[in-house]
Amino acid sequence: MFKENLRRTAEVKGTRIVLALDLQGGIYTKPKSMRAELKQELLAKAYNIISEVESYIAAVKIGLPLVLDVGLDSVDQIISSFKPKMLFICDFKTADVGFINKLVANQVFSIGFDAIIVHPMVGVVEGIKPVSELAHNLGKGVLAVCAMTHLGAQSFLNKHFKELLKLACEAEADGFILPATYPEYISEARRLYRDALIMSPGVGAQGAAYGSAIKAGADFEIVGRAIYDASNPRKVAEDVVKAVEEAVKQG
């Protein structure tokens with residue numbers, strides 16, 4: 001259901017962009033007397049950014065930086081404020097034993113997240129399969145990180161991306177997270193798993209050109225800092241959508 005909902009939202013809005021909202025203020029590195037005010041400021045910024053770009057994004061990906069600063073209750077409020085205009089993906093990159101993975105997933109699904117990102121390297125049985133079973137029973141989704149954007153990932157993780165794709169499929173994950181900075185991984189995954197959902201970070205601030213991941217075979221590009229650090233996030237989001245469309249047209 002998650003894949004269908006995401007694709008339907010993207011089609012209605014005419015966008016293949018997911019916003020990575022990795023805002024963080026380092027609130028817990030500040031004196032306690034300052035934290036409540038800083039939390040409210042960060043929350044206001046999150047609301048403002050999503051409000052500005054909602055017409056140009058199909059989903060919002062929220063990870064630990066923002067959750068640790070504002071807490072799950074506040075994230076619950078953010079999600080409630082913007083559904084059903086977009087979907088929300090929890091990016092905790094869960095990588096523990098299945099019992100713990102399922103506990104985490106159940107919490108984030110309960111506050112309204114539509115999908116969770118996991119690491120398939122922990123394996124299927126008593127690894128990520130319990131998460132997939134829970135997710136599908138609830139109409140939610142699971143996305144598996146099978147390669148990463150940064151250079152260090154080439155030391156080990158990315159060398160095993162085909163094995164990770166296989167594990168993700170065995171666990172019935174809904175799709176893969178694959179880096180736009182290594183488009184060859186995207187193309188190979190698309191060749192091997194034609195119906196899989198592929199989402200790609202690494203465009204914009206990390207160097208890959210807008211539209212490059214989609215040209216390589218991805219369904220969505222994940223954009224973070226280029227949008228949320230901009231003085232005019234709405235204008236940048238609009239420009240990104242246009243750039244993706246143009247890049248795809250050019251083939």
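The model is a predicted one, in which local features need pLDDT of at least 70 and side-chain atom pairs count only at pLDDT 80 or more, while totals for chains, interfaces and linings use all residues. Residues are numbered from 1 along each chain as its sequence is written, and side-chain values use heavy atoms, with hydrogens and water left out. Helices (H or I, at least four residues) and strands (E, at least two) are DSSP runs numbered from the N terminus.

**The barrel**

- Strand S1 (residues 17-20) and strand S2 (residues 59-63) run parallel and are joined by 3 bridges; two strands count as paired if DSSP finds at least two bridges between them.
- The strands form a closed barrel of 8, in the order S1-S2-S3-S4-S5-S6-S7-S8, with parallel pairing.
- From one strand to the next, the twist averages 25°.

**The nonpolar cores**

- A nonpolar core here is a set of buried Ala, Val, Leu, Ile, Met, Phe, Trp, Tyr and Cys residues joined through side-chain atoms within 4.5 Å. Buried means under 20% relative accessible area, exposed means over 50%, and partly exposed lies in between (1.4 Å probe, protein chains only).
- The largest core has 71 residues, and those with the most contacts inside it are Leu21, Ile62, Phe88, Phe113, Ile116, Phe176 and Leu178.
- Helix H2 (residues 32-53) gives the most to this core, with 6 residues.
- A second, separate core has 18 residues, including Ala59, Leu87, Ala115 and Ile117.
- Leaving aside residues up to four places away in sequence, Leu178 touches Cys146, Ala147, Phe161, Leu165, Tyr185, Ile186, Ala189, Ile198, Met199, Ser200 and Pro201; a contact means heavy atoms within 4.5 Å.
- In soluble globular proteins, nonpolar side chains tend to be buried together.

**How helix H2 packs**

- Axes are lines fitted to C-alpha atoms, for helices over the stretch in contact, and angles run from 0 to 180 degrees between N-to-C directions. Angles under 35 degrees count as roughly parallel, over 145 as roughly antiparallel, 65 to 115 as roughly perpendicular, and the rest as oblique.
- The axes of H2 and helix H11 (residues 233-250) come within 8 Å and cross at roughly 40°, so the two helices are oblique to each other.
- H2 passes H11 in a right-handed crossing; a crossing is right-handed if the near helix is turned clockwise from the far one by less than a right angle, and left-handed if anticlockwise.
- At this contact, H2 supplies Ile49, Glu52 and Val53, while H11 supplies Pro233, Arg234 and Ala237.
- With helix H4 (residues 72-82), H2 packs at an angle of about 25°, the axes being 11 Å apart. H2 is therefore roughly parallel to H4.
- The crossing of H2 past H4 is right-handed, and the contact is made by Lys39, Leu43, Ala46, Tyr47, Ile50 and Ser51 of H2 with Ser74, Gln77, Ile78, Ser81 and Phe82 of H4.

**Backbone features to look at**

- Most residues other than glycine have a negative phi, and most peptide bonds are trans.
- The peptide bond from Lys83 to Pro84 is cis, with omega near 5°, and Pro84 is found in the loop between H4 and strand S3 (87-94).
- Lys93 has a positive phi of about 45° although it is not a glycine. Lys93 lies in strand S3 and is partly exposed, at 30% relative accessible area.
- Glu172, also not a glycine, has a positive phi of about 65°. Glu172 is placed in the loop between helix H7 (161-170) and strand S6 (175-177), where its 45% relative accessibility counts as partly exposed.

**Two loop residues**

- Gly25 is found in the loop between S1 and H2 and is partly exposed, with a relative accessible area of 33%.
- Not counting residues up to four places away in sequence, Gly25 touches Lys30, Leu42 and Asp69.
- Val122 is in the loop between strand S4 (115-118) and helix H6 (124-137), and is partly exposed with a relative accessible area of 30%.
- Val122 and Asp96 are 26 residues apart in sequence and 6.8 Å apart in space, C-alpha to C-alpha.
- Beyond residues up to four places away in sequence, Val122 touches Ala95, Asp96, Asn101, Gly127 and Ile128.
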